[in-house]
Amino acid sequence: MKPPKTLQQAIIYFSDPDRAFEYAKALRFQDGKVFCPRCSSESNYFIKTRKLWLCRGCNKQFTLKVGTIFEDSPLGLDKWMAAFWMLINCKNGVSSMEIHRALGITQKSAWFMLQRLRTALHNRSFGSTTKLGGPDSELEADETFVGGISKNMHKSRRARIAKFGGMHGNKTIVHGILDRNLRQVRATVVPDVTRETLQNVILKNVKYGSKLYTDDAVAYDSGLGSRFVHDFVNKTQSYVRGRVHVNGMENFWALLKRGLKGTYVAVEPFHLFRYVDEQVFRYNNRATKDNPLNDSDRFALAMHQVSGRRLTYSELTGKDQSPRLQATGTREAEVPF
């Protein structure tokens with residue numbers, strides 16, 4: 001049977017446990033060599049009846065899920081892959097209630113599943129040595145505020161927020177950078193909009209000498225001109241001045257907030273970065289004339305990123321920081337994958 005191209009085909013394709021197993025195996029071990037996620041040994045043998053391997057190096061068993069976002073999950077790959085397909089291919093995202101109804105699992109399990117899938121979509125290159133731009137590149141940098149709308153709040157709460165936090169006191173700040181040439185976005189949650197914070201994000205992600213366009217916020221008014229060809233647009237006068245504008249980032253913010261307000265409705269600030277990663281993945285892997293991806297291609301790219309990432313429920317809910325939670329040391333690998 002050919003690999004799926006649509007959601008209907010994906011549900012039928014992955015409903016066969018053997019087929020789902022072989023598909024995930026081919027994406028995780030791309031060169032065909034199965035290795036132990038604990039000791040990296042390639043000396044092992046496969047127990048077909050249990051669908052697991054026994055490593056001859058550390059003499060421990062491991063399954064296809066070990067060392068991935070699927071680890072320790074009782075749910076089968078058929079449910080995981082159907083949820084993953086829906087998450088990355090639905091333009092406005094998919095809620096845990098919809099996954100709960102579609103797959104026949106509890107809403108709590110669906111929410112945990114989606115958070116783990118978003119962990120796999122995280123862009124590892126953000127803030128690393130891989131930078132955007134160059135001498136002939138044009139980039140946009142902008143920030144947005146995510147949170148409740150003041151006019152919908154009770155008068156007393158609105159007054160309290162205005163007194164202690166100002167106009168954006170109850171909002172979470174997200175900063176983003178768009179490379180117009182690559183048509184790629186990087187976005188992350190930042191603690192504040194000070195000059196030091198925003199310019200450090202830009203310095204970590206943009207090559208010196210790039211053309212950088214921003215708005216006229218105070219955080220960008222000095223310091224950038226010495227490293228970049230910096231220009232800005234005053235939005236109180238006009239949104240576009242020739243090539244100088246941040247409408248590309250505004251487009252991304254609109255897509256992000258459409259999902260947050262329309263699909264997810266309420267997102268806690270400490271979980272927001274995962275929802276940002278989700279939208280960044282969909283935006284960077286959308287179908288274009290230069291890169292005509294389809295749903296199947298996007299799904300394969302996402303499946304390539306499931307290895308080496310783990311999110312437990314205690315980490316997700318913050319219980320791993322609780323003094324009541326005592327680490328038992330069980331199920332710990334000697335060498336992290």
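Is A266 buried or exposed? A266 is exposed, with a relative accessible area of 65%. The model discussed here is a predicted one.

## The chain overall

The chain has 337 residues, and 43% of them count as buried. Its secondary structure comes to eleven helices and eight strands.

Among contacts with a sequence separation of 6 or more, 63% are between residues 24 or more positions apart.

## Two loop residues

A266 sits in the loop that runs between α8 (residues 247-264) and α9 (residues 272-284). Its relative accessible area of 65% is over the 50% cut-off, so A266 counts as exposed. H122 is 144 residues away from A266 along the chain, and the two C-alpha atoms are separated by 21 Å.

V94 also belongs to a loop, the one between α3 and α4 (residues 96-103). V94 has a relative accessible area of 0%. This is under the 20% cut-off, so V94 counts as buried. Leaving aside residues up to four places away in sequence, V94 touches M86, L87, I99, L114, R118, T263 and Y264. Between V94 and A83, which are eleven residues apart in sequence, the C-alpha to C-alpha distance is 8.8 Å.

## Helix α2

Helix α2 takes in residues 17-28, twelve residues in total. From its first C-alpha to its last it reaches 16 Å, close to the 16 Å expected at 1.5 Å a residue. At the start of α2, the backbone nitrogen of D18 has a side-chain oxygen of D16 within 3.0 Å.

Which residues of α2 are buried? They are A20, F21, Y23, A24, L27 and R28. These residues lie on the same side of α2, because they cover an arc of only 165° around the axis. The cover over the buried residues of α2 includes helices α1 (7-14), α3 (77-89) and α10 (295-303), together with strands β1 (44-47) and β2 (52-55).

Terms used:
Residues are numbered from 1 along each chain as its sequence is written. This is a predicted model: local features need pLDDT of at least 70, side-chain atom pairs count only at pLDDT 80 or more; totals for chains, interfaces and linings use all residues. Side-chain values use heavy atoms; hydrogens and water are left out. Helices (H or I, at least four residues) and strands (E, at least two) are DSSP runs, numbered from the N terminus. The expected span of a helix is 1.5 Å times one less than its number of residues. Buried means under 20% relative accessible area, exposed over 50%, partly exposed in between (1.4 Å probe, protein chains only). The arc is that of the directions from the helix axis to the C-beta atoms. Contact means heavy atoms within 4.5 Å. A polar contact is a pair of N or O atoms within 3.5 Å; within protein, one must be able to donate a hydrogen and the other to accept it, and residues adjacent in sequence count only if both atoms are side-chain atoms.
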